[in-house]
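My entries follow in the order I made them.

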Amino acid sequence: MELPYAEPWKIKMVEPIRTSTRQEREAWLKEAHYNVFQLRADQVYIDLLTDSGTGAMSDRQWAALMMGDESYAGARSFYELKDTITRITGFDYVIPTHQGRAAENVLFSHLVHEGDWVPGNSHFDTTKGHIESRKAVAADCTVDEARNTQLEVPFKGNVDPAKLEKVLREHGDKVPFIIVTITNNTAGGQPVSMANLKEVRALADKYGKRVIFDSARFAENAYFIKTREEGYSDKSIKEITLEMFALADGMTMSAKKDGIVNMGGFIATRWEDWYEGAKRFAIPFEGYLTYGGMNGRDMAALAVGLDENTEFANLHARIHQVEFLASLLDEYGIPYQRPAGGHAIFVDALKVLTHVPKEEFPAQTLTVELYREAGIRGCEIGYILADRDPVTRENRFGGNDFVRLAIPRRVYTDNHMRVIAAALKNVYDRRESITRGVKITWEAELMRHFTVQLAPADE
């Protein structure tokens with residue numbers, strides 16, 4: 001008899017969580033202006049807001065914390081981290097930052113200027129924000145298949161070469177670089193194939209451009225290449241990772257995802273001119289070049305996390321749990337972006353709340369309903385996150401409208417997945433009665449979804 005699957009770790013410490021009553025949750029939602037970012041964490045039962053900085057570190061990572069070198073300049077922990085990054089990515093120049101958006105801010109301050117065009121595959125919120133705040137254009141060149149949530153395509157995160165070449169041909173003198181997000185979060189945690197990365201590299205070479213990978217979940221992307229793309233099943237994750245990064249010129253990294261640390265990030269590149277340019281902004285924005293906003297102990301833990309999470313067993317356990325939740329939603333007929341992505345389930349709110357008009361933000365409405373039902377906090381990745389068009393100031397309703405259920409690494413059990421699925425089914429079963437959504441009562445000009453204030457649309 002073949003042995004059943006089990007996680008490649010055992011649990012050493014637990015943290016209690018509490019349930020709440022519907023009456024309590026109703027009051028808390030109102031206090032939070034129906035924005036789940038504004039809820040207190042102890043008001044949440046199962047927290048799927050993000051997988052960023054919410055994972056459980058290993059015993060080796062906790063041990064590394066105690067060995068961290070807190071020297072202001074030249075800390076041993078920096079060189080240990082740099083050596084690990086170079087070994088995994090092949091990039092020689094490394095600047096640590098306190099998280100991924102800080103890496104974008106530092107590098108883009110050097111590279112992005114007013115009037116530029118930055119093509120890529122569904123830029124995530126901070127990436128787009130850092131581009132548009134500099135009065136540049138974030139040009140989405142994702143394949144059209146990503147729009148059809150029920151289509152089973154293995155690499156829905158891919159860049160469409162024809163769309164990319166159109167931008168390069170029409171705006172080439174204004175393109176500072178091409179950015180590829182691996183995996184493609186906004187499109188539903190969807191991976192990018194090695195073949196597509198090679199197509200992007202070929203176009204970049206043709207037009208004399210460089211390529212950046214937004215690499216928060218690069219290890220998960222390598223896992224999907226290994227398991228879905230022909231010719232890679234016998235290669236290790238680290239071998240695939242090196243091949244991926246050989247097709248890029250640099251990377252930004254939110255290490256809070258695939259690095260499995262609570263805070264941290266970095267820039268890495270093969271180009272000295274990019275490194276020298278970024279250095280000018282790293283010191284005033286982040287700190288000295290050998291800590292860049294990170295403690296020595298956090299750099300030490302990150303070095304271990306990057307090494308551990310570029311092994312197949314850890315990735316398989318993590319992605320297997322996401323797939324398990326997907327299988328439960330399949331049983332209940334709940335539509336999500338298929339196939340299941342690496343870090344989250346992206347529920348297709350437009351197919352669930354069919355009576356809620358787009359102007360009343362179906363995905364945000366579904367996010368509120370899921371919390372109201374069971375104290376489960378998801379995150380809208382849709383029309384509110386899309387922000388307004390920077391020129392017309394109209395809401396951007398053109399993309400998908402998702403509720404993202406991001407699964408923290410090594411935190412919840414499969415029983416928690418069963419609770420999530422059951423709660424979502426309860427909402428799905430009463431979906432016909434949900435006919436009104438939410439309205440915006442206050443919003444920030446940029447990246448509004450973090451602080452937006454909402455109210456029921458019928459109030």
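What volume does the largest pocket have? I am working from a predicted model, and in it I read about 1400 Å³ for the largest pocket.

I then looked up the lining of the largest pocket. I found 36 lining residues, and those closest to the pocket centre are Met13, Glu15, Ala56, Arg410 and Val411. Sorted by class, I get 18 nonpolar, eight polar and 10 charged residues in this lining.

Next I turned to the second largest pocket. I note a volume of about 980 Å³ for the second largest pocket. Its lining has 37 residues, with Lys128, Ala138, Asp140, Ala386 and Arg396 closest to the centre. I sorted the lining of the second largest pocket as well: 15 residues are nonpolar, nine polar and 13 charged.

Which element gives the most to the lining of the second largest pocket? I found that strand 4 does, with three residues. Strand 4 spans 137-140, and helix 5, at 125-132, also supplies at least two residues of that lining.

My last entry concerns helix 14 and helix 15. I located helix 14 at residues 362-374 and helix 15 at residues 414-429. They pack at an angle of about 115°, and their axes are 9 Å apart. I logged the crossing of helix 14 past helix 15 as right-handed. From helix 14, the contact takes Leu366, Glu369, Leu370, Glu373 and Ala374, and from helix 15 Ala423, Leu424, Asn426 and Val427. By class, I have six nonpolar, one polar and two charged residues in the contact of helix 14 with helix 15.

Methods. Residues are numbered from 1 along each chain as its sequence is written. This is a predicted model: local features need pLDDT of at least 70, side-chain atom pairs count only at pLDDT 80 or more; totals for chains, interfaces and linings use all residues. Side-chain values use heavy atoms; hydrogens and water are left out. Axes are lines fitted to C-alpha atoms, for helices over the stretch in contact, and angles run from 0 to 180 degrees between N-to-C directions. Helices (H or I, at least four residues) and strands (E, at least two) are DSSP runs, numbered from the N terminus. A crossing is left-handed if the near helix is turned anticlockwise from the far one by less than a right angle, and right-handed if clockwise. Contact means heavy atoms within 4.5 Å. Ala, Val, Leu, Ile, Met, Phe, Trp, Tyr, Cys and Pro count as nonpolar, Asp, Glu, Lys and Arg as charged, and the others, Gly among them, as polar. On a 1 Å grid over the protein atoms alone, a cavity is a set of points where a 1.4 Å probe fits but cannot get out, and a pocket is an open set with protein on both sides within 12 Å along at least five of seven lines; lining residues have an atom within 4 Å of a point. Grid points are joined across faces, edges and corners, and a volume is the space filled by probe spheres set on the points.
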